[in-house]
Amino acid sequence: MASFEKDGLKNVFIVALGVCLVCSVVVSGIAVALKPQQQLNKALDQKQNILRAAGMLPGDSLVAEDGRGVDELFSEFEVRVVDLETGEFLDDIDADTFDPVKAAKKPDLSIPLSGEQDIATLRRRENASLVYIKRVEGEIDKLVLPVRGYGLWGTLFGYLALDSDLQTISGLGFYQHKETPGLGGEVDNPRWKALWPGVQLYDADNQPNVQLVKTRSAAGSASAAYEVDALSGATFTTRGVQNLVNFWTGDLGFGPFIARLKAQA
Ligand SMILES: Cc1cc2nc3c(=O)[nH]c(=O)nc-3n(C[C@H](O)[C@H](O)[C@H](O)COP(=O)(O)O)c2cc1C
């Protein structure tokens, strides 16, 4: 009888292949099984970011002061797709699955931006985006907009929230960026984020005019209302944040949509 050569090259390969196969089946099985949970967690995280920008979730808390949780608070928002050029709602696109960032990469769903237009360094801008609207008795109470733009090391992704007048900033928060902790990463510092509520957006010519400054104008002056402190030691990130806020609220961003809402008010 031929003896079984346990250490033979062929058998070592067969065992190694078997182990690899079992492991890959287990790992892909787990990945597939966890996917729905990952998607739920991602959606929950986005809801939290939107609520925090709107000032509806304090600090790191997962519940509002009145005890309501993320899902309940977020259910007050209407999520709509808007045509950025016309400012009109687009009801033929499903807001639950539409991804503006992915759309910006597709030539048929986006437009190229010229150097002069592209102050947020996006290269392309999607034709449609999402808006999150909270109404109280039919009137707009909060409007939250997805915003993004280049800092020093990469693109910052976040949400900008406006108050009911669509002129006063309610909050700004970033959920993804590559800026350096302690420098540009201070965009996440709660003390800096607390400087945003109350800042005015549009100037007398109806152009977004947020200014991130090293030295503030005299309190009460016309320009002071548009100012937020720059991040110290992070001029590039600071400029990036100023530019992305002004881009996304301007004519090439949500400007036409905001103008349309104001006209309806
Ligand atoms: C390791 C390292 C990380 C940096 N990270 C940032 C950053 O996240 N954001 C930024 O604007 N500048 C960053 N910088 C650039 C410098 O801080 C740069 O000098 C600064 O932006 C100039 O700002 P100031 O005019 O306020 O001094 C970094 C520099 C180094 C060496």
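**View 1. The second largest pocket.** Twenty residues line the second largest pocket, and Arg52, Leu57, Gly59, Leu172 and Lys193 lie nearest its centre. On a 1 Å grid over the protein atoms alone, a pocket is an open set of points where a 1.4 Å probe fits, with protein on both sides within 12 Å along at least five of seven lines; a lining residue has an atom within 4 Å of a point. The model is predicted: local features need pLDDT of at least 70 and side-chain atom pairs pLDDT 80 or more, whereas totals for chains, interfaces and linings use all residues. Residues are numbered from 1 along each chain as its sequence is written, and side-chain values use heavy atoms, with hydrogens and water left out. The volume of the second largest pocket is about 480 Å³, a volume being the space filled by probe spheres set on grid points that are joined across faces, edges and corners. At least two lining residues each come from H1, E7 and helix H4 (190-193); E7 gives the largest share, six residues. Helices (H or I, at least four residues) and strands (E, at least two) are DSSP runs numbered from the N terminus. By class, this lining has nine nonpolar, six polar and five charged residues. Ala, Val, Leu, Ile, Met, Phe, Trp, Tyr, Cys and Pro count as nonpolar, Asp, Glu, Lys and Arg as charged, and the others, Gly among them, as polar.

**View 2. The largest pocket.** The largest pocket has a volume of about 1300 Å³. It is lined by 38 residues, and those closest to its centre are Lys42, Asp99, Pro100, Val101 and Tyr175. Elements that give two or more residues to this lining include helix H1 (9-53), helix H3 (100-103), strand E5 (139-150) and strand E7 (169-176). H1 supplies the largest share, eight residues. The lining divides into 19 nonpolar, nine polar and 10 charged residues.

View 3. Residues surrounding the ligand include Leu152, Trp153, Glu179, Gly184, Lys214 and Thr237; a residue is near a molecule if one of its heavy atoms lies within 4 Å of it. The shell has five nonpolar, five polar and two charged residues. A nitrogen atom of the ligand lies 3.4 Å from a polar side-chain atom of Trp153. A polar backbone atom of Gly184 is 3.2 Å from an oxygen atom of the ligand, and a polar side-chain atom of Lys214 lies 3.3 Å from a ligand oxygen atom. On its own the ligand has 620 Å² of accessible area, of which the protein covers 56%. Accessible areas come from the Shrake-Rupley method with a 1.4 Å probe; for residues, only the protein chains shown count as cover.

**View 4. Thr237 and Glu179.** The side chains of Thr237 and Glu179 make a polar contact at 2.7 Å. A polar contact is a pair of N or O atoms within 3.5 Å; within protein, one must be able to donate a hydrogen and the other to accept it, and residues adjacent in sequence count only if both atoms are side-chain atoms. Thr237 lies in helix H5 (residues 235-248). Its relative accessible area is 3%, so Thr237 is buried (buried means under 20%, exposed over 50%, partly exposed in between).

**View 5. Lys134 and Asp141.** Lys134, in strand E4, makes a side-chain polar contact with the side chain of Asp141 (2.5 Å). Lys134 counts as buried, at 9% relative accessibility.

Definitions and conventions. Buried means under 20% relative accessible area, exposed over 50%, partly exposed in between (1.4 Å probe, protein chains only).
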